[in-house]
Amino acid sequence: MKVREIAKLLNGELVGNAELDVNKIAKIEDAGPGCVAFLANPKYIKYLATTQASCLIVSRDQTLEGMMRPEIAFVIVADARVAFGWMMQHLNPLPEFFKQSTAVHPMAVVDPTATLGIGVSIGAYCVISANVRIGDATVVMPGVKIATGTKLGARCVVYPNVVILNDCTIGDRVILQSGCVIGTDGFGFSRNADGSYNKLPHGGTVVIEDDVEIGSNSTIARSALGATRIEKGCKLDCHVHIAHHCNIGENTVFAAQVGVSGSTQIGKRCQFGGQSGVAGHVVVADDMIIGAHAGVMKSFVEPHTTVSGFPARNHVAALRGQANMMKAAAQFHEIKQLRAELETLKKQISEKFSPRK
Amino acid sequence: MKVREIAKLLNGELVGNAELDVNKIAKIEDAGPGCVAFLANPKYIKYLATTQASCLIVSRDQTLEGMMRPEIAFVIVADARVAFGWMMQHLNPLPEFFKQSTAVHPMAVVDPTATLGIGVSIGAYCVISANVRIGDATVVMPGVKIATGTKLGARCVVYPNVVILNDCTIGDRVILQSGCVIGTDGFGFSRNADGSYNKLPHGGTVVIEDDVEIGSNSTIARSALGATRIEKGCKLDCHVHIAHHCNIGENTVFAAQVGVSGSTQIGKRCQFGGQSGVAGHVVVADDMIIGAHAGVMKSFVEPHTTVSGFPARNHVAALRGQANMMKAAAQFHEIKQLRAELETLKKQISEKFSPRK
Amino acid sequence: MKVREIAKLLNGELVGNAELDVNKIAKIEDAGPGCVAFLANPKYIKYLATTQASCLIVSRDQTLEGMMRPEIAFVIVADARVAFGWMMQHLNPLPEFFKQSTAVHPMAVVDPTATLGIGVSIGAYCVISANVRIGDATVVMPGVKIATGTKLGARCVVYPNVVILNDCTIGDRVILQSGCVIGTDGFGFSRNADGSYNKLPHGGTVVIEDDVEIGSNSTIARSALGATRIEKGCKLDCHVHIAHHCNIGENTVFAAQVGVSGSTQIGKRCQFGGQSGVAGHVVVADDMIIGAHAGVMKSFVEPHTTVSGFPARNHVAALRGQANMMKAAAQFHEIKQLRAELETLKKQISEKFSPRK
């Protein structure tokens, strides 16, 4: 592929030799001759001086003054990360992970009442139960179990060994990564006088809207009534747990191992760092950023707030609290010093003004 | 269903129109005409003024003085949450998630030496290995793998894609949610001089007593010797990890993503908040409450203690520590002020009493 | 088995009756007559006075002066834990978890282009896709799904329901515990102006070197470019997440529920406590110890550092910070006291030296 073809594909401005050939995608730090790489995170600018890449895709707002080497062809775009994704998608379409010669593998159990759209692929050892509906062109990989009454939209990708329990509703273009569980029972019990528990039935459901991605081994619990809802465009990494009755606003993202407790309402476009958690029955406003490992224990209703620490506070306050904790030793020393000097003064004064004088 | 039938089913006191018809279960905030809802959590009393429910199930000890609207029929019971659960169980029996026309699906592998009780159901693509014993009326959903020598009790429900390794003992009425793993190897190694590790064999087992529920994708590790034991009535949410040699006392509950390290002894009726963790080789007393995200790093032997934070401390002390951290900035300012004033005083005194005078 | 046979097997020094018969392995606190137990952790020395074991394996450097009871035969070895592991391995070879009479179960789908080594065993309901290569004597238990182009080495053990996505490379003697997922998509997206996200393709792979063990339900994400790499000898417990582009140095161990964010470089022989986490794009030096629940938010380049807390700091500093937080209340009281005394002094001085006098 010529650099000028890349520039055209990405609608980018080209600086350098348009006729260079590139035939491989690489990371900037590993790239050799013939490779195309990208530069979006300022942390990686240090590799600019040494990279062997033939072509670099860079963002327009990055200042590379005096760092652009003549032997490298630069393609300048609005957002290098987005553009690079486009190019990769163009060069690497989704591989066929599990080859099969029939749309529905002969070693799959599909109930006669299930409805499959045009071009649906069902892998070996899948179970598609009664009254399930699957939309056009959805790929269901081997070992997936879908219980009665669940609806999946079109062009979804369901990875191996996913479990979707009964009566869930899943939109179009949803990606469910390996081993995730959709619609497991909410964790709800009533406690008896002797400390034992009775399980509360969870007759509700889970609704996952269009363009959501759920990471491997994540779990989404069904509600007792109504639905646990993941609004369109949300992205969940691996090991994320969303409890019963939650509502997750559109385009909110969760890094790995985040947990959200029951009946909590999360706003739109929030970003949750890894291993953070949210208590039950609280509200998280739109556009909030929750730091890694943070524990949100109360509602935050002001949009665009960044919180961190445990319990989660406004990030600036949390940093100050941390700093205080570390500075305290010096302060404790100063307090001792003040005490000593004060005692000396008191003694001086009492000597000077003692009645004996 | 008439309201008077609900009152009779729940053995409750009826206030209002006994002949009202209800045909749907709903949450108090969503309920419309013809719906029955419940009110147990005081946080939801605010919806009492606006709910459109025809019937509300409320707890006897809740003060609703002056808030009971005449158009709503109230059924007053000892515990509204328990009663509502009963009613839901009555109205919604466990659905048949995976329809099959034979008790053992033809697409399941059951070893000839395995013993299945009366009414056992085995789903498609299950593997039931040699010498496994399964009690009466237990339901094993598709894709479950049970290794040699494991015993399951009666009336258990095993969800899809669960894995139970060899020689485990599981009681009656146990619920194993999708994708959980029972009896995985404990994480035990010996370290060689060069920093590499040798795996220690884990020839022990896991014992899960009656009425336990294990959440989706949770993992219970087998011990090297003896058994990891989950005593009767314990409830574990999703992504919980119990390490080798642990003993979990009866009716203890774990919210999602809790981890317990090896050889730890947890008391009865404890409650673990989400994402909390416990170190290895420690003791947690009976009836303790461990806050969300807390890290228990030492033994707590006093029953009924509530702990929180990291490292976990008595909750009141932990809150005080947090408050100190946040208040410290003001104190640091006061220290500076004290220093300045003290210096002034010292100067004054030294001037007044200077030898020159 | 005679005690002298044990001493010979373990190359240990024998103190006591060499002809005693032992026929069972037990924990020191549970051991009865005829049992052999071991003593490596000083926490368990308290059981020495009461154990009923016939034989104890102890480490040479343990001081048991005056505590060695004559009725117990002691086998003294360099490392009691290692030696006990050897003995267990000798007495309990890996059981056959899923009996089958053919090497490849008839209920498994193996693509004709897949290559299986000598003695490979493939369980029921496995799918081995196109161009997969599996080395000699590797055991693949039921329900495992391996996508196109992946290579597994020799003598690996793959537990039930594991998923390995396409084009991964896995070394020899690797153990993949139940339900783990290797090669799931990295969590990478580009953000659009309206807050929605585009998925970045992850055309890279995962490389797992020899002698690695991955715990149940853990997840290893594939990189967008190049490989996520787990170097030889690493041991990961359950629920561990390693994100895209990470490199984990050899013989590093991760307790349960640890998460490592993308593009992070972890050194060799590190030890991660349970529920700890590491931010993306940072470096962790060799031989570091990361405390349980710690959150590493920046690079640590000094080898052999121990860190803890959130954000993770040098362990001694973190402990001091914690201590400060708890001691602060007393200090605040002292500040108040200093203020009161200072005010008294100021008043005294101003009275003594007032112009009125």
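In the predicted model, chain A and chain C bury about 5700 Å² between them, and 63% of this area lies on carbon and sulfur atoms. The size of an interface is often expressed in this way, as the accessible area lost when the parts come together. In terms of residues, 66 from chain A are in contact with 80 from chain C.

Polar interactions were also identified across this interface, where 31 residue pairs are in polar contact, both residues having pLDDT 80 or more. The side of chain A that touches chain C draws at least two residues from each of helix 2 (80–91), strand 25 (235–236), strand 28 (253–254) and helix 3 (315–352) of chain A. Of the contributions to this side, that of helix 3 of chain A is the most, amounting to 14 residues. When the residues on the side of chain A that touches chain C are sorted by class, 35 are nonpolar, 18 are polar and 13 are charged. Four salt bridges are counted between chain A and chain C; in a salt bridge between A:Arg339 and C:Glu341, the side chains meet with an N to O distance of 2.7 Å.

The arrangement of the two chains was examined by superposition, since two copies of a chain are related by a rotation about an axis and a shift along it. Chain A is superposed on chain C by a rotation of 120 degrees, with 0.0 Å of shift along the axis and an RMSD of 0.1 Å. The two copies are therefore related as by a three-fold rotation axis. Within chain A, the C-alpha nearest this axis belongs to A:Met325, at 3.3 Å from the axis.

Terms used
Residues numbered from 1 in each chain as written. Chains lettered and ligands numbered in written order. Predicted model: local features only at pLDDT ≥ 70, side-chain atom pairs only at ≥ 80, totals over all residues. Heavy atoms only, no water. Contact = heavy atoms within 4.5 Å. Buried area = accessible area lost by both parts, 1.4 Å probe. Polar contact = N/O pair within 3.5 Å; in protein donor to acceptor, adjacent residues only side chain to side chain. Helix = DSSP H or I, 4+ residues; strand = E, 2+ residues; numbered from the N terminus. Nonpolar A, V, L, I, M, F, W, Y, C, P; charged D, E, K, R; others polar. Least-squares fit on C-alpha atoms with pLDDT ≥ 70 in both.
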